[in-house]
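Subject: Structure handover

Hello,

Here is the structure you asked for, with notes on what was found in it. Please read them with the coordinates open.

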Amino acid sequence: MKITRIEAIPFSIPYRKPLRFASGQVTDAEHVLVRVHTDDGVVGTAEAPPRPFTYGETQASIIAVIDGVFAPQIVGISPLERENIHARLNRTVANPTAKSAIDMAIWDVIGQSVGAPVTELLGGYGNHMRVSHMVGFAEPSEMVAEAGRMRDAFGITTFKVKVGRRPIDRDVAACRALREALGDDIELYIDGNRGWTPAESARALRAMADLDLQFAEELCPADDVLGRRWLVTQSTIPMFADESVSRPGEVTRELLGGAATGISIKTARTGFTYSQRVLFQCEGMGVDVVMGNQIDSQIGTLCTLAFGAAFELTSRRAGELSNFLDMSDDLLAEPLQIRNGVLRVRDGHGLGIEIDEDKLTHYRQDS
Ligand code: MUC
Ligand code: MG
């Protein structure tokens with residue numbers, strides 16, 4: 001079997017309401033659908049979500065690098081030769097979501113070809129994950145209302161609260177309001193998207209010390225090298241790295257440098273091949289992980305779920321699998337359903353991504 005063609009299709013689906021956080025906001029899912037075709041007629045599918053504020057990629061840059069650089073390098077190779085494929089992709093630095101979408105579409109091809117779900121090929125630990133919902137910046141009362149809706153409608157009881165950039169007292173008030181309104185049984189953690197200095201982060205953590213936060217994610221930039229190490233010594237909860245760990249070498253740097261004590265794994269930026277490596281690094285070093293969300297559509301959510309459910313360590317914490325709920329529509333023929341706070345892996349071979357072609361025709365931006 002050989003790869004014959006790679007399609008990179010831009011599409012745009014509006015969000016019902018924008019998601020706001022310290023490093024930016026998202027109003028439309030302007031993603032790239034990636035399809036890897038083979039001479040056997042098998043087609044693997046994944047998506048690349050451009051996040052210029054995190055990785056520097058745009059929708060146009062993802063399409064340009066796939067069409068102009070990556071596709072010519074890997075057309076003609078067997079999808080099973082993943083090491084060769086990555087060696088070729090890695091001749092180009094960065095472009096994490098473009099590379100990852102190709103990687104995951106290739107795993108989808110392999111799963112379909114051997115007649116097995118990708119989650120079983122990866123690890124086969126389980127068939128579901130608990131869901132964590134990400135609550136963006138808004139007035140504290142609106143954030144409470146959103147979390148309450150998610151709990152009542154979908155049974156979600158774990159919430160990641162966006163903090164940073166706006167005055168600390170507002171973030172503290174929002175977290176306090178969530179804890180008071182939803183009670184002691186919900187799990188809360190915060191994500192600063194690099195919006196605070198180390199000193200501001202320490203102050204905020206002290207102010208929230210009684211809120212039983214599970215952990216704190218990327219409160220200040222990785223370039224605050226000594227500041228982040230100092231912050232770890234100040235904190236009584238784990239400090240997770242997210243956008244500072246977009247490849248295995250960065251995971252090593254953050255962990256051995258003492259600047260982080262937990263790792264967010266995002267299949268959108270490390271695909272399946274490198275997410276495995278990051279996971280095994282963490283497991284070997286006794287470090288906790290969470291399955292993060294790159295503000296994925298249902299396509300990316302299925303990818304995160306396939307990986308997260310495949311391993312014991314990634315299944316311990318709730319995975320961030322619900323942001324598609326804020327999209328006005330999606331491309332899957334059979335929409336995902338979160339029930340009792342849980343999302344189940346699709347039956348079937350590969351990733352189980354079946355695209356509604358009419359919707360794709362409607363939302364694609366290249367025709
Ligand atoms: C997250 O966990 O940070 C927002 C920015 C980004 O890169 O990902 C999202 C969610
Ligand atoms: Mg984050």
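How far from an oxygen atom of ligand 1 does a polar side-chain atom of D191 lie, and what is the distance in Å? The answer is 3.0 Å. Please keep in mind that this is a predicted model.

Ligand 1

The protein buries 100% of the 280 Å² that ligand 1 exposes when taken alone. Around ligand 1 there are 14 residues, and the closest are T54, K160, D191, N193 and Q294. Two of these also have side-chain atoms placed against oxygen in the ligand. For T54, a polar side-chain atom is 2.7 Å from an oxygen atom of ligand 1. For K160, an N or O atom of the side chain is 2.6 Å from an oxygen atom of ligand 1.

The three-stranded sheet

There is also an open sheet of three strands, ordered β1-β2-β3 and paired antiparallel. Its edges are β1 (3-21) and β3 (43-48); each has a single partner strand, so one side of each has no neighbour in the sheet. From one strand to the next the twist averages 20 degrees. Strand β2 (residues 24-38) and β3 run antiparallel and are joined by six bridges. Within this part of the sheet, L33 stands opposite E47 in β3. Helix α4 (residues 96-114) packs on the sheet and touches β1, β2 and β3, and its direction makes about 155 degrees with that of β3.

Regards

Note on methods. Residues numbered from 1 in each chain as written. Chains lettered and ligands numbered in written order. Predicted model: local features only at pLDDT ≥ 70, side-chain atom pairs only at ≥ 80, totals over all residues. Heavy atoms only, no water. Pairing = 2+ DSSP bridges. Helix = DSSP H or I, 4+ residues; strand = E, 2+ residues; numbered from the N terminus. Axes fitted to C-alpha atoms, helices over the stretch in contact; angles between N-to-C directions. Contact = heavy atoms within 4.5 Å. Near = heavy atom within 4 Å. Polar contact = N/O pair within 3.5 Å; in protein donor to acceptor, adjacent residues only side chain to side chain. Areas by Shrake-Rupley, 256 points an atom, 1.4 Å probe, with all protein chains shown as cover.
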